[in-house]
Every structure is written in structure tokens, then in C-alpha cells.
Amino acid sequence: MKKEIPLLIVFVSGLFMAVQFFVPHSTSEKIYEFVMEWTIIIGIFALALGIWSLIRVSVNRIRRRTPNWQYSIVILAGMFGMVIFGLSFLGGVRSYMFRHFFDYVMIPLHATMFSLLAFFIASAAFRAFRARTALATVLLLSALILMLRFNPYLGPLGDQDAALAAWILNVPNLAAKRAIIIGIGLGIVATALKVILGIERGYMGSD
Amino acid sequence: MNIFERISRLDRRWIYLILAAVVVITVMLKYETPIRISPEVRSVYDFVEAQPPGSYIHMAIDYDPGSLAEMHPMTYAIMEQALCRKLKIIMTALSPNGPGMAEQAMLDIMDSVKMHCGREVVYGKDIVFLGYKPYPGIVILSMGQNYRLSFPSDYYNTPLDSIDMMKGIANYGDVNGIILITGTSGVDYWISYANGRYNAPLAVGLTGVMAADYYPYLRSGQIFGLMGGMLGAAEYEKLVKRPGRAMEAMRVQVWTHIVIILFIIIGNIGYLISRRKGEVK
């Protein structure tokens with residue numbers, strides 16, 4: 001029974017949601033809304049689990065003095081600090097501290113990390129974009145055409161480059177992406193069917 | 001070893017230094033970079049222009065501070081245009097740090113609309129911010145049924161039913177379109193659920209690296225417009241005739257791209273010379 005009941009729940013829920021999509025009746029919509037509320041509640045529990053897991057891992061790192069354990073203190077201080085500053089009786093999300101920590105700590109940190117990517121990408125492009133084979137040359141030329149498409153200093157060549165870049169995006173890129181998307185879609189349907197029919201049981205833990 | 005071969009083996013720190021120098025110099029220079037308008041950006045602009053005053057649009061601000069440089073200019077340009085045209089905006093933020101981005105944009109835009117269009121934007125009458133809820137797929141689906149399922153109250157804990165502009169607004173069917181500005185893969189949920197399931201007209205603003213992945217949806221009509229990265233934002237700023245941060249940043253981006261292209265070309269010349277000499281295969 002430990003296995004049969006979860007399998008039955010998954011089978012009935014999966015089948016119902018698949019059929020419901022094609023039934024535009026108000027009762028079907030009501031049930032769908034009800035299930036949606038359940039999903040949101042389950043989602044909140046998962047979030048709580050994530051927070052608990054983060055606290056446990058960080059506390060363990062501090063207790064055991066693992067390498068760079070000091071960063072775990074920063075993680076915990078940041079998390080609890082923002083929660084405390086965001087409490088409604090301290091002004092909530094409009095409080096001075098909450099907004100200032102977000103605007104002057106969080107935003108610059110994120111922006112800095114993302115900005116550094118530009119340098120790594122430049123270095124990687126310099127080393128990796130080599131015309132070693134015919135396919136690599138095609139990739140290299142496509143990248144150059146796309147990078148040059150918004151260069152305003154190419155004169156009349158710029159319009160031709162923009163047209164060529166649009167063709168690359170709308171024809172070869174589109175064909176390749178559609179093939180990938182359709183492949184992924186079919187894969188999702190196959191996996192969903194395997195879960196509904198009880199063939200795939202990974203969600204139940206080790207079998 | 002000739003100059004090309006030497007450059008092709010250049011230490012990465014030199015690349016960083018040259019790139020940093022180009023960024024700093026072009027930031028300091030002040031001139032306007034000419035911008036061409038692409039049809040996919042113009043269609044977003046035309047959509048906002050075509051809406052009658054008083055109609056609703058949904059702005060989904062699903063990006064984090066990391067992609068702020070590309071995303072904020074799009075948000076500002078579109079929302080200023082919409083509010084100057086007296087459209088009503090429902091805002092959501094479905095990425096963890098999105099609420100901070102959305103609120104910052106909303107407060108700034110309320111000020112700038114007053115300054116540029118002479119219009120006082122009133123929270124709750126012209127604009128409402130519903131806030132953040134985790135699990136974007138679930139939230140996007142539930143908003144298709146009713147905004148109140150995921151957001152019984154707004155970001156400031158005011159019940160939705162007591163907010164003027166939300167009275168009589170149930171779901172995507174009551175808004176004329178959704179404009180999603182995002183730097184996350186959550187865009188797939190919006191396309192699959194908001195457009196696919198609920199037929200909501202959807203346009204997207206994406207980071208530069210994401211843009212190429214979403215052209216198939218543009219061609220299939222699942223999205224009616226696409227703004228890609230800094231260029232997309234700059235095109236929009238040009239369309240609304242309000243040059244801002246994106247048009248300024250294009251100056252930097254154009255020149256850094258030129259430098260990277262030069263590096264790639266020189267690197268390849270060095271590589272080909274080395275291959276001819278038989279030093280590499």
C-alpha cells in the first residue's frame with residue numbers, strides 16, 4: 001500500500017489535469033482553480049523546506065569550521081537581516097533599511113557579478129572562436145554577422161548585414177530551435193506519461 | 001613569431017585591460033549612436049500606441065539586479081509611454097529579486113511621467129503592483145483563472161478588491177496584453193501558459209544572450225514583439241523619443257563589440273599562420 005496509494009494519486013491527478021484542459025465547463029474550471037490553490041500551498045511548503053535546508057547547511061559549516069565558513073555567517077546575517085527589516089511593524093518592504101540594503105548592497109553586488117561576465121566572454125571568444133573546421137568557420141562567421149548587425153559605422157554594408165543577421169535568426173536559427181523545442185516537448189509528454197502510468201517512480205525516492 | 005601569432009597567444013589579462021579601457025573611454029565620450037529600428041521592437045511600441053486610454057496592460061517584471069542594465073531601460077521606456085497615454089498598468093514580479101526592481105521602476109516612473117507628461121500617476125487608480133509569489137509556472141496559470149488566487153492583496157498588503165483599478169478585473173481576459181521583461185527562463189511559462197493556455201497577447205523583452213532563442217515564438221505568433229538586450233531597449237528609447245541609459249550604453253557596447261571582433265580576427269590570422277607553419281593542426 002505504501003507504493004500503490006501514491007501511484008494511484010499521481011495517476012488520477014495526472015489524468016484529471018490532462019482531461020480538464022479540454023473541458024471548458026464551469027465545474028471543470030472550478031475544480032482546476034481548487035487544485036491550483038493546493039499547488040500554491042504545496043509550493044510554499046517547498047520554499048520553507050529550502051530555507052530550513054539553507055539554515056542547516058550554513059550552521060553545520062560554521063560549527064565544523066569548514067573552509068570559508070565565514071561566508072555562511074554572511075549568508076545567515078543577510079537572510080535574517082532582510083527578514084527582520086521587512087517585518088511590517090518595522091516598516092515592511094518600504095522601510096529605510098530594507099530598501100537601502102536592496103538598493104545599495106544587493107543591486108551593486110548582482111550587477112558587478114554580471115558585469116564581470118563581459119570580460120570572461122571576451123576572453124573566451126578570443127580563444128574559442130577559431131576557424132579550425134568548416135563548421136567552426138560557419139559558427140564564427142554567423143557570430144560576426146550578428147555582432148555587427150547593430151554597428152552603425154558600417155555604412156550601406158550595415159543594412160545588408162542587418163538583413164543577413166535577420167535571415168540567420170529567422171531561418172537557420174529558427175529551424176534548429178524548432179527541432180529542439182519539438183524534441184523537448186515530445187520528451188516532456190513521454191516523461192509525463194511514464195509518471196502517470198507509474199513507469200517512472202523517481203519522485204517516490206529509491207525503489 | 002610575428003605580431004599576429006603573438007597577439008593570438010596574448011595573456012587574458014591584457015584582454016581584460018584593453019576592454020576595461022574601451023569601456024571607460026566610451027562611457028566618458030558623449031555622442032549619440034545611430035540606432036536602426038527592427039520590426040519586432042516596433043510591434044511592441046505600436047501595440048502600446050494602439051491601446052485606447054483607460055485600457056489595461058500587464059507588465060511582468062521578472063528580472064534580478066544582475067540583468068538590470070539591459071532590462072530597466074525597457075521597463076522605463078514602455079511604462080512611461082503607457083502611463084503618458086493614460087493606460088492602466090498591473091505589475092507583477094515573479095523572480096525572487098524582482099519586487100525590488102519593479103518597485104524601484106514604478107516609483108521612478110511615477111515621478112518621470114509627472115515631469116515629462118505633466119500627469120499625476122496615482123497608485124491604485126493608474127498602476128498597481130501585485131508583488132512576488134514563488135513558482136512562476138503555478139502563479140502564471142493561476143492568474144489566468146483569477147489574479148486573486150495568487151495575489152489576494154497587492155505588494156503593500158491592500159486587498160485587491162479594495163483597489164479601485166482592480167475592481168472588475170479578474171484575469172488575463174481583462175487586460176489587452178502582457179509585456180514581459182525578463183532575464184530568466186520563466187519566459188517559457190508565460191509563453192506556454194499565459195499565451196498558450198489563455199490566449200493572452202504577449203510581448204517579451206529579454207537579455208541579449210536569450211533573444212535568439214525566442215525568435216521561433218515570434219515567427220509562430222505566440223509572441224507579438226521581442227526586444228533583445230541593450231539594443232532592443234535602445235530601439236525602444238528611440239521610438240518613444242526619450243534617449244536614456246540604453247542609448248548611452250549602446251555607445252559602449254558598439255565599441256566593445258568592435259574590439260572583441262578585432263581580437264577574434266587577429267586571433268584567427270595568428271591561428272592560420274601557425275597552422276600553415278605546421279605548429280598547430
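These legends accompany close-up views of a predicted model.

**View 1. Two domains divide chain A.** Domain 1 of chain A covers residues 1–85. Domain 2 of chain A covers residues 88–128. Taken over C-alpha atoms, the centres of these two domains of chain A are 26 Å apart.

**View 2. Chain A meets chain B.** The contact draws 38 residues from chain A and 40 residues from chain B. On the side of chain A that touches chain B, at least two residues come from each of these helices: H2 (26–64), H4 (96–128), H5 (134–148), H6 (156–170) and H7 (172–196). H4(A) gives the largest share of that side, 12 residues. By residue class, the side of chain A that touches chain B holds 26 nonpolar, seven polar and five charged residues.

**View 3. Tyr135(B) takes a positive phi.** The angle is about 65°, and Tyr135(B) is not a glycine. Tyr135(B) sits in the loop of chain B between strand E3 (127–129) and helix H6 (136–145). Is this residue buried or exposed? Tyr135(B) is buried, because 20 other C-beta atoms lie within 10 Å, and the cut-off for buried is 20 or more.

**View 4. Asn199(B) also takes a positive phi.** Here phi is about 60°, again in a residue that is not a glycine. The loop that holds Asn199(B) runs between helix H8 (187–197) and strand E5 (202–206) of chain B. Asn199(B) has 11 C-beta neighbours inside 10 Å, so Asn199(B) counts as exposed; the cut-off for exposed is 12 or fewer.

Technical notes. Residues numbered from 1 in each chain as written. Chains lettered and ligands numbered in written order. Predicted model: local features only at pLDDT ≥ 70, side-chain atom pairs only at ≥ 80, totals over all residues. Domains from an automatic or database assignment. Contact = placed C-beta atoms within 7 Å. Helix = DSSP H or I, 4+ residues; strand = E, 2+ residues; numbered from the N terminus. Nonpolar A, V, L, I, M, F, W, Y, C, P; charged D, E, K, R; others polar.
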